[in-house]
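I opened my notebook to look up a pocket and a pair of packed helices. Here are my entries.

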Amino acid sequence: MSGTRGAVPRQRIVVVGMGNVYRRDDGAGPAVAARVAALVGGVSDRGPLADPFDLLGLWAGTDLAVVVDAVRSGAEVGTVRLIDLDTDPVPVPARALAGTTSTHGIGVADILRLARAVGNAPKRVVVVGIEGNDFGQGTGLSPAVRHAVPHAAQQVADLIGEAG
Amino acid sequence: MTGGSRRRRRRRTVAIEGISRVEGEGSLRVEVTGGVVGDVALSVFEPPRFFEALLKGRKAAETPDITARICGICPVAYQMSACATVEDACDVSVGAPITDLRRLLYCGEWIQSHALHIHLLHAPDFLGCADAVELATRDRVAFERGMALKRTGNLVTEAIGGRAIHPVNVRIGGFYRSPDHHQVAALAEPVRRALDLALDTVEWVSGFDFPDLESEYRFVALRSPGRYPMESGRIVSSDGLDASPAGFADLVIEEHLARSTALHARIEGRFAYLTGPLARYALNASELPEVARQAATRGGLGNVCVNPFRSIVVRAVELVFACHEALRLIESYEPPDPPAVAVPPRAGVGTGATEAPRGLLFHQYELDRDGAIVAARIVPPTSQNLATIESDLRRVAQNALELPDEELTWRCEQAVRNHDPCISCAAHFLDVTVVAP
């Protein structure tokens, strides 16, 4: 999803909802992205990404990149957390690209490291995490996550507004 | 202490608990005593995934979608082998238009998989980079070329398969829907650009510094007269085997080793063998299109390559082939009508073999009269290659004992990465302990 608030984009902004809508709460990212497209003018929803490597192309030359995804951190279900990767440390997974990972499991942190290595990283990357509970098979979010979607979408809209 | 005296006096153990830059999770142990490499063990410790048991009782029509989940890098290979197996059991042929569309879909997977392995997993070995991030920092052009190639592979897979990863348009007998002319024609320009990038890739990798090593491989690959093998063919070997997929399946013995959750395969009476790009190339180089043959010659390859480190050049030549083949199929595309042929269920046993990017992948299913799976056997390329990779490791380690521990470890990991093992498919990394008595 890309665009800005207002008719004349001044900043290039990309919002990506990551996740699989067929695995219950993992669909939180795409649900937020769809809601942001409805909230903010000039934004189109391109649907969820199939491959994290696609972030590299989408991110090239952007001012702000927002990645929305379901998380499982142990927090209360439905908790929305913003991580600004400019100011917060980039989380390095236990099996990061530098060490052991295969390309089966590449994550946002690895993609950001690659984007920075080739000088194509967005000026600012914000990860919006929504605590999920049910990652089983099927569509539909659990009640607490469904309730959190508008709240998360408004926070993304505010980020776009501030950057706009 | 000189390297020679160190070699005589020390007992060394190269123990790598998680091999880096391979697909999946495996470990490696090389024992060296008195300057001689002893036990070598490449072990797979990913949990077993029981796909063959999961298939029992499921309908044959479900096999392409269930088996595709074995791998996120080569799902098309599983789908193609599943279709070939069920169609063999039900004695159905799909005809040229569907075969061509399957081949085009498979080209997409070869392009994305080979581009990824060459640029992100294998090239860092030759450039002294720890990982793809360091490679991207040092050679942005090469990294971006790899990403562009991968994107093109994804584009082709998505256009034909409906989704870049785990495609949803494949069914037994063909496809759910034939892409229209416009959708396929739109692929021509990006694939043409990818062909140029693939040629650049051959030039890039052929300039790397390769360790001297010649191995005596027993190569096994599909052969399909008139075309470089991909979606069908007989199974041939460098020592004279020529068998149908069913005949080959009867010859392959899979053994369980206590240290591994992957089975190790060998051919009855012939022992270890190797599938994958080196084997396909050695047994089918004459079927490559002129542009790929010329690229191979410029890249320093003869008709057979037995230096496993040079597999990166062979893989790049196959990248040229896959782009060229995709372009040929795009330009001659006629939408299959109907998109799938009927495959009435019947009781029987079928075997299907296709060439996954990493090598031969064969399935064998027994179906009941309603088309339900009674028994299933899935033999991925990495299981077939494990014994040969261990032989390579032994030879590579023996030739590199003069190296300090860190470099020896690196070289041993390289010996594994040369063959692009997908350990996740077979059921990943290295850490060295030196024991000096």
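Which helix of chain B gives the most to the lining of the second largest pocket? I found that helix 4 of chain B does, with four residues.

I noted that this is a predicted model, where local features need pLDDT of at least 70, side-chain atom pairs count only at pLDDT 80 or more, and totals for chains, interfaces and linings use all residues. Residues are numbered from 1 along each chain as its sequence is written, chains are lettered from A and ligands numbered from 1 in the order written, and side-chain values use heavy atoms, without hydrogens and water.

**Pocket entry.** I looked up the volume of the second largest pocket and got about 420 Å³. A pocket here is an open set of points on a 1 Å grid over the protein atoms alone, where a 1.4 Å probe fits, with protein on both sides within 12 Å along at least five of seven lines; lining residues have an atom within 4 Å of a point. Among the 20 lining residues, Ala84(B), Glu87(B), Asp88(B), Glu231(B) and Ser232(B) are the closest to the centre. I sorted the lining into seven nonpolar, eight polar and five charged residues (Asp, Glu, Lys and Arg count as charged; Ala, Val, Leu, Ile, Met, Phe, Trp, Tyr, Cys and Pro as nonpolar; the others as polar).

**Helix entry.** In contact (heavy atoms within 4.5 Å), Val291(B), Ala292(B), Ala295(B) and Ala296(B) of helix 12 meet Val317(B), Val320(B), Phe321(B) and His324(B) of helix 13.

Note on methods: Helix = DSSP H or I, 4+ residues; strand = E, 2+ residues; numbered from the N terminus. Points joined across faces, edges and corners; volume = space filled by probe spheres on them.
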